Amino acid sequence: MYDIEKYYQARDVEDAVRALAADRDAVVISGGSDVLIKIREGKLAGCSLVSIHGIPALKGVRMEADGTIVIGPATTFSHLTYDPVIQRYIPALGWAVDQVGGPQIRNIGTIGGNVCNGATSADSAAVLFTLNAVLELTGEEGTRMVPVTEFYTGPGRTVREHAEILTAIKITRDNYEGFYGHYTKYGKRNAMEIATLGCAVHVKLSEDKKQMEDFRLGFGVAAPTPIRCYQTEKRVKGMDITDPELYERIREGAVSEVTPRSSWRASREFRLQLVRELSVRTAKEAIEKAVGGEADA
């Protein structure tokens, strides 16, 4: 049924790193929702698996003393969506991963796998970009921190070395406090669908809730990797949220920064139209939440 050479259950992170270093062809597996499909399709046929599924240190969500939110990469989508820390402080991320697949996938799939597979369509990626998340990678040389915006190098490619494990996803207080966000996914179906385009926005308004103090715009499937629209963000900061030009700047700025391609799911032209529409719709949702002081989603 599955063409697997051998399977090793790592006891802890260090054990997993040693197992990967000893076998250059070994593949990390946690939830398995991506890896097992690739094995069935023949893309990873005959591979060896190093499982990090049972390592407690890689699961759950916690808040450190300085307010940094730490997400274990082996945390499933379902647990992430309903975690009280996520719901209170960054529910846009919980909402985004709740768009992944169906209930069965969300109950086994992990956010670490969603990030490390390198897919631009990963529903968590655009939101993590707008939260300036930092990824903790642990390998033979120790631990290093990589901003998520520097993690992706191309379609299905990342800076993670073979014998490295993603051990934490960190979001500092200054990147979520006062921010309100939203994520919009476009697909041909409402469930079990890979995103044709994903859009994330986080906003912070002035104290009187009239001006855009900070604005962050991220996309998935709008380029070979997830992206942030930094130039558009600069043009929007400081604007009055009732300024008629606000959404035009967002719409046209976004479309000028993306580089979508045509695929069997959608043409480049259709994705550009989605960028124009979803950037504005998502921004409006985030702004409405900020004005109302509601939890983001």
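Which residue takes a positive phi just after α11? In this predicted model, the position is held by G293, with a phi of about 70 degrees.

Helix α8 itself (residues 123-130) is mostly covered, with 8 of its 8 residues buried. The buried residues of α8 are D123, S124, A125, A126, V127, L128, F129 and T130.

One of these residues, L128, is among those with the most contacts inside the largest nonpolar core, together with I71, L93 and I169. This core has 35 residues. At least two core residues are supplied by each of the strands β5 (69-71), β6 (134-139) and β10 (165-171), and likewise by each of the helices α3 (77-82), α4 (84-89), α5 (91-97), α7 (111-116) and α8. The most is given by α8, which contributes 5 residues.

An open sheet is formed by 4 strands in the order β11-β12-β13-β14, paired in antiparallel fashion. Strands β11 (180-186) and β14 (227-228) lie at the edges; each has a single partner strand, and therefore one side of each is left without a neighbour in the sheet. The antiparallel pairing of β11 with β12 (residues 197-205) involves 7 bridges. Within this part of the sheet, Y183 stands opposite A200 of β12.

Residues Y2, I4 and Y7 make a nonpolar surface patch of about 280 Å². Of these, I4 belongs to strand β1 (residues 4-9). The relative accessibility of I4 is 31%, so this residue counts as partly exposed, since that class lies between the buried limit of under 20% and the exposed limit of over 50%. The loop between β7 (142-147) and β8 (152-154) contains T149. With a relative accessibility of 30%, T149 therefore also counts as partly exposed. The separation of T149 from T68 is 81 residues in sequence, and 18 Å in space from C-alpha to C-alpha.

Terms used: Residues are numbered from 1 along each chain as its sequence is written. This is a predicted model: local features need pLDDT of at least 70, side-chain atom pairs count only at pLDDT 80 or more; totals for chains, interfaces and linings use all residues. Side-chain values use heavy atoms; hydrogens and water are left out. Patches are made of residues with over 30% relative accessible area and no salt bridge: like charges are joined within 9 Å, nonpolar side chains (Val, Leu, Ile, Met, Phe, Trp, Tyr) within 5 Å. Accessible areas come from the Shrake-Rupley method with a 1.4 Å probe; for residues, only the protein chains shown count as cover. A salt bridge is a side-chain nitrogen of Lys or Arg within 4 Å of a carboxyl oxygen of Asp or Glu. Buried means under 20% relative accessible area, exposed over 50%, partly exposed in between (1.4 Å probe, protein chains only). Two strands pair if DSSP finds at least two bridges between them. A nonpolar core is a set of buried Ala, Val, Leu, Ile, Met, Phe, Trp, Tyr and Cys residues joined through side-chain atoms within 4.5 Å.
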